[in-house]
Amino acid sequence: MKQIPQISEAEYEVMKVIWNYEPISTPEVVDKLSNKSDWKPNTIHTMLARLVKKKALHARKDGRVFVYTSLVEEKEYVGQKSKSFLQQFFGGTLNSMVLNLIENDEISNEEISELKKILSMRDKKEGEK
């Protein structure tokens, strides 16, 4: 499996902008993040530089700005973080997590119904193979 760099919560916010708009220039990243956070441009520049250093982003110079593209796919990153979370808190098993949510009333009846629909659709898909 591909090694995925450790990304902080703040860096993850930057990555979400990159994934949604790539290729994207530094001013565009700053603009989009400034609209939804109180980060200063220098903070955003620092996070972009860290992500490049961690090999999560590729930066290429285009005139006077850098243009960023991801080197880590969002699906890969979320998948790895999900597995890590399950392992850390629930011994790696999804059913332990779901049971915990149900027992602690953290999951609504509507969410349970939605999960049933998803599982039913998955069963149908598997039956078609």
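1. Helix H6 is hardly covered, for the count of buried residues among its 20 residues is zero, where buried means under 20% relative accessible area, exposed over 50% and partly exposed in between, with a 1.4 Å probe and protein chains only. Helices (H or I, at least four residues) and strands (E, at least two) are DSSP runs numbered from the N terminus. From its first C-alpha to its last, H6 reaches 29 Å, close to the 28 Å expected at 1.5 Å a residue, the expected span of a helix being 1.5 Å times one less than its number of residues.

2. As to the source, this is a predicted model, in which local features need pLDDT of at least 70 and side-chain atom pairs count only at pLDDT 80 or more, while totals for chains, interfaces and linings use all residues. Residues are numbered from 1 along each chain as its sequence is written, and side-chain values use heavy atoms, with hydrogens and water left out.

3. The largest pocket has a volume of about 410 Å³; a pocket is an open set of points on a 1 Å grid over the protein atoms alone, where a 1.4 Å probe fits, with protein on both sides within 12 Å along at least five of seven lines, and lining residues have an atom within 4 Å of a point. The volume is the space filled by probe spheres set on the points, which are joined across faces, edges and corners. Of the 14 residues that line this pocket, Leu94, Val98, Leu115, Ile118 and Leu119 are the closest to its centre.

4. Which helices each supply at least two residues of that lining? They are H5 (94-103) and H6 (109-128), and the largest share, seven residues, comes from H6. By class, the lining has ten nonpolar, one polar and three charged residues, with Ala, Val, Leu, Ile, Met, Phe, Trp, Tyr, Cys and Pro counted as nonpolar, Asp, Glu, Lys and Arg as charged, and the others, Gly among them, as polar.

5. The structure holds three salt bridges, each defined as a side-chain nitrogen of Lys or Arg within 4 Å of a carboxyl oxygen of Asp or Glu. In one of them Lys54 pairs with Glu11, the closest N and O atoms being 2.7 Å apart. This pair links distant parts of the chain, 43 residues apart, since Lys54 lies in the loop between helix H3 (41-53) and strand S2 (57-62) and Glu11 in helix H1 (residues 9-21). Glu11 counts as buried at 2% relative accessibility, whereas Lys54 is partly exposed at 34%.

6. Within helix H1, Glu13 and Lys16 also form a salt bridge, at 3.1 Å from N to O; being three residues apart, they are separated by about one helical turn. Glu13 is partly exposed, with a relative accessible area of 26%, and Lys16 is partly exposed at 25%. A salt bridge also joins Asp62 and Arg60, at 3.9 Å from N to O, where Asp62 is partly exposed at 44% and Arg60 partly exposed at 39%.

7. Two serines remain to be noted. Ser25, in strand S1 (residues 24-25), is buried at 11% relative accessibility and touches Val65, Phe66, Val67 and Tyr68, not counting residues up to four places away in sequence, contact meaning heavy atoms within 4.5 Å. Ser8, in the segment before H1, is partly exposed, with a relative accessible area of 33%, and its C-alpha atom is separated by 9.6 Å from that of Met47, 39 residues apart along the chain.
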